[in-house]
Amino acid sequence: MKANFKYNLIWLIVMIAGFYLINTLILVGVIDSFIANMLVTIGINIILATGLNLIIGFAGQFSLGHAGFMAIGAYATAIVTQTASSPVGFYASIFIGIIVSIIAALIVGIPTLRLRGDYLAIATMGASEIIRIIINNLKMTGGAAGMFNIPQFADWPTVYIMVCLTTIIIVNFIHSRAGRAVKSVREDEIAAEAMGINITKWKLAAFVLGASTAAVAGSLHASYLQTIAPNDFGIMESISILIIVVLGGVGSITGTFVAAVVLGVLDTVLQNFGALRMVIYAIALVMIMIFKPSGLLGTWEFSVKRLFSRSKRKERVES
Amino acid sequence: MRTLLKVDNVVKNFSGLTAVSNVSMHLDTNELVALIGPNGAGKTTLFNLLTGVIPVSSGSIVLNSDSGTYPLNGKPAYTIAKMGLSRTFQNIRLFKDLTVMENVLIAMTSKVKEGFIPTIFRFPSYYKTEKQLAEKAKQLLEIFELENDTDVLAKNLPYGTQRKLEIVRALATEPQILFLDEPAAGMNPEETAELTQLIIKVQRKFHITILLIEHDMSLVMNLAQRIYVLDHGSLLAKGTPAEIQSNPAVIKAYLGEEVD
Amino acid sequence: MKKVVSMAAIVMTAGVFAGCSTAKTTTKGNQTTGNTIKIGVNMELSGAAAGYGQSQKQGIQLAASEINKDGGINVNGKKKKIKLVIRDNKTSNNTSASVAAQLTNNDKVVAIVGPATTNAGTAEIPNITKAAVPSVSPSATDPAYTLKKNGKVQPYVFRACYQNNFQGATAAKFMTNTLKAKRVAVYADNSSDYGTGLAKAFKKAYTGKVVDSQFFTAGDKDFNAVLTSFKSKKIDAIYAPGYYTEIGLIIKQARQAGINVPIVGSDGMADPKLAQIAGNNNASKIYYTTPFSDDVAKANPTAVKFMNKYKAKYNQDAPTFSALAYDSVYMIKQAIENEKSADSVKIAKGLAKIKNFDGVTGNITMDKEHNPEKPIAIEELTKGKVSESFNVK
Amino acid sequence: MQTFFQQIINGLSLGSIYALLALGYTMVYGIIKLINFAHGDIYMLGAFWGYYVINVWHFNFISALLSAMLVGAASGVIIEYFAYRPLRHSPRITALITAIGVSFLLENGMSYLFTSNTRDFPQIIKQVNYHLGGVQISNIQILILATSCILMILLQLIIKKTKMGRAMRAVSVDADAAELVGININWTISFTFALGSSLAGAAGVLIGLYYNSIDPLMGMTPGIKAFVAAVLGGIGSVPGASVGGFIIGILETFVQSIGLSAYKDAVVYFVLIVILLILPAGIFGKNTKEKV
């Protein structure tokens, strides 16, 4: 008990120190609004990618529909804060986004999670496109023009806290009875069932949890950027989240953090290369995959506990 | 002694092919029963039917546990597992990329209730249940002398140890009936002898019923109180080891050809 | 125990950002120092809208090199050259916001040209407003683009193109008055605000009967199914707002399917490539609203000059997108010269006051909502060539 | 009624285009279980190759088509050699990301070199429309339909009757075992890529000719649609890819003809999901049950 308290305290201190570090850097002017913009993008991508990593890396279900759930969160926030333009309205909208995305994840997940591998990927991609097309044709969502002039309630501190919160939730989920059940489904469905694991239930649990964090990311995206359009949530967005997961290492939350930061910085640096930016990005992507086929970190996780003791039980992950 | 599991006229057809036809059998409490038969006789299929991996085509399977009588046919595998029927697999199916400890803990998943919120926010109750689970798992592993390998990945264990771990994992679900599918496959005579002792020990310690499929006749004859013989999907004979050994039909169909 | 800890974490962090938190610096905009005026370009150079972004970039570069050849922009008696900072926003809203931040904070530009699409444009607004740097979009057409939520004008947001309502209404009037079309089918691009916005504006203003209203998506190549269903509906004309890439194919497939009614579109069609894609033989009875008609051009020496120079430099006819982007740069120049200052806040003021500006796309006066008021014309294509221009009042 | 038959023709000709592209996906997937995201971009390369050789070297239709097939085959083999072969024993998801990277590279590289402008494809075959009882079909539509069918039959023959086809089937079932019986795996996989990619090259020229408009991003949308078609038909199966292509083509046409054009992709995806739920491995796919 005492040891657990120590580790949790260390993580808390790390998180708060990180917050003050960024705040100080902003105050002294090292981080300008351009870099702050980059940090927020990285933060939102971390929320998206950890959720997807839970689904792909830990539950072993190849989902390509993450952008659809992000869209639900984003539109929930845009629509709600249009009338309730206050911080309370904003947090309520996050909550509404989570609820709607959970419902959507159940509707999509219950039938499709029976499918395997690439068939599941295509089915979830299709489901996410259906969500996008519906949004594109609704009046309430502004159609193809999307919504703009969304009031800004999500600044970098909000995003920072949300990154910490969603990571705590996902990592604690993974390192618990639930996480073990989910991993057993990934390893061997038949053996898991024979051990009393309801595989449909646990697949859904991971899928729904991943979807709801995606909705949170969507809410932050909408409120920070103040403008959204259906085209932000297409197949390419799902793919770019997938790229972060695979690049960091499928099944490593630490890797997801590293990959989100690496790609975020790379993308920002490439802004200086004009029309060549996407060409260089593509080459970098192929090169990293060829030389690091299991991702930057494989399945390795950073663990404070391991730093302190030789016991290899994994604890929570870097935030 | 009472009947724990009653199997009546179970049939399984695979697109026109009858893999198991009209098999009836029963397992009593605290009994150790063997299921033998030549390759392709339908032994593993029968196991799969009993544990719900595949559904029966017709027939009934009924569990008479302390708390009541439950029909098992048509139930999904995880429900049957929760009711107390656990198994090992012929072609070892451990969670290969997880540790020994995790393998055992997973089998205990359905035995604890832990809410989402206490888990996510690490309430003290979470640490308490986790600790209890870990202690229980450790006790089980000790019986099989695996307590020092808790952090080893299952795939890195030697073959014989993997078979042992599968039995530990099955026991962790707290079964009333344990199905062992060729537990001694690929083991040398010493390992087989050791395993025989272990199985006896387990049955005594946990007071459970065991049904095992085995080709190793020395193990079967030493262990089993009763034997069912399966051939071409139907029951050929049943009885005590002595009766089976002297049954002419069995000798003709099976022992005569297969004995080393 | 952890509950206590995490609660403490939330309370503490919440306290932090309720208290001092981030220092919000209120900038007074970017100043021009030295001998160059930095103008940023936030443009769709890759991704879905790259084709249009590319055309606009060419227009911007032509304008800048032309101005620099003449010695630069006259800032209160001193000539200063333009330095373009061109950045690609990948046709992504997220990246557009990031590019805007980089242009305003790091590159210290005093004005921005771009983006090409409304979505990327609105994504840019928070950052340029914070930095007080004006932006002129050559082709963001949504009516609300330049407006805040409360209907007031965005101080730093301008455009060089028509807004949708104006163009859609013009097309509707033309349909009724000139073409005498009583039954019309609408076939609009619904992958951006451009097509849907124009379709909406058209339907609102059109007095005849809209028989059918269908949509396509950018990147589609096969329109036969919808066109076949139009064929049996006795229509007098088709209104097809969208870009030349798809409308060209719609014209081709409509004519091949034997639909010979007039097809009316918008300035997204005003590109020489339209007739190439449709095939010259198919491109007859094609009409589109445009600021940049041959008629206007003949009476407008600026336009003639632009078209010749463009052809000389890029070896192709100038598309409308290039013309609008070219005008955007010159509007910024005009604003600087009028205000006698190249500071970003002053440029914004200057842009708002632009009056009778002699642009390639017509004589422009900025209205209160930062939309350019300029004449609109409708051009007719016959056999792929402009055969007539109509003035619509 | 005329409208109905005309819509069937529309659906068939659109479907034949998807089918043509889906064949390449399905072949590559069948042998190395890789979703070759770059397939749609090889189709784009084929179209650009056709554009240049016809405009600059004045190739006729047949030589443009054949040379585009060669270019497609060569680029397929090169991509496989540099980008996929090093990853043959890596997790499949890694190879998928590499394929996406290659696709980005081709799209953006071509945009960088040749600008992202839309170009008009030279019309070397004059389009002629035939009218049959009020239903209209053009010679190019017939050409594409016929080519898809011929190529499909040809592929089936290659796979079922030739020695190379036998090797391909062997590798797709069990690569290690195939190697043991003396099949050169590298060569077989290269051949599969060459075959699949040459189809994409041919499709580039045919579709360029049909629609008369090409650009560096032209492979993206049809690429995804064709892949969906391949999955629908049961990925790995040659007849499945064709049937999937035609189903999607006819479905899209049908949805648009009843006035739901705004939802046409949504309906396609919905039908896909429903079919997968009934037939989890697509229409012609084998649903392999795991042995316990």
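The buried residues of helix α7 of chain B are covered by, among others, α6 (159-172), β8 (209-213) and α8 (217-223) of chain B. Keep in mind that this is a predicted model.

**Helix α7 of chain B**
- α7(B) runs over residues 189-206, and its 18 residues should span 26 Å at 1.5 Å a residue; the end C-alpha atoms are 26 Å apart, so the two agree.
- Which residues of α7(B) are buried? They are B:Leu195, B:Ile199 and B:Val202.
- Looking down the axis of α7(B), you'd find its buried residues within an arc of 65°, so they line one face of the helix.
- Over on the other side of α7(B), the exposed residues include B:Glu190, B:Gln197, B:Lys201 and B:Arg204.

**Where chain B touches chain A**
- Chain B puts 28 residues into this contact and chain A puts in 24.

**Where chain A touches chain C**
- Here 40 residues of chain A are in contact with 42 residues of chain C.
- Two or more residues on chain A's side come from each of α1 (2-27), α2 (33-58), α6 (156-174) and α12 (277-291) of chain A.
- α1(A) gives the most to that side, with ten residues.
- By class, chain A's side has 20 nonpolar, 16 polar and four charged residues.

Definitions and conventions
Residues are numbered from 1 along each chain as its sequence is written. Chains are lettered from A and ligands numbered from 1 in the order in which they are written. This is a predicted model: local features need pLDDT of at least 70, side-chain atom pairs count only at pLDDT 80 or more; totals for chains, interfaces and linings use all residues. Helices (H or I, at least four residues) and strands (E, at least two) are DSSP runs, numbered from the N terminus. The expected span of a helix is 1.5 Å times one less than its number of residues. A residue is buried if 20 or more other C-beta atoms lie within 10 Å of its own, exposed if 12 or fewer, and partly exposed in between; C-beta atoms are placed from the backbone. The arc is that of the directions from the helix axis to the C-beta atoms. Two residues are in contact if their C-beta atoms, placed from the backbone, lie within 7 Å. Ala, Val, Leu, Ile, Met, Phe, Trp, Tyr, Cys and Pro count as nonpolar, Asp, Glu, Lys and Arg as charged, and the others, Gly among them, as polar.
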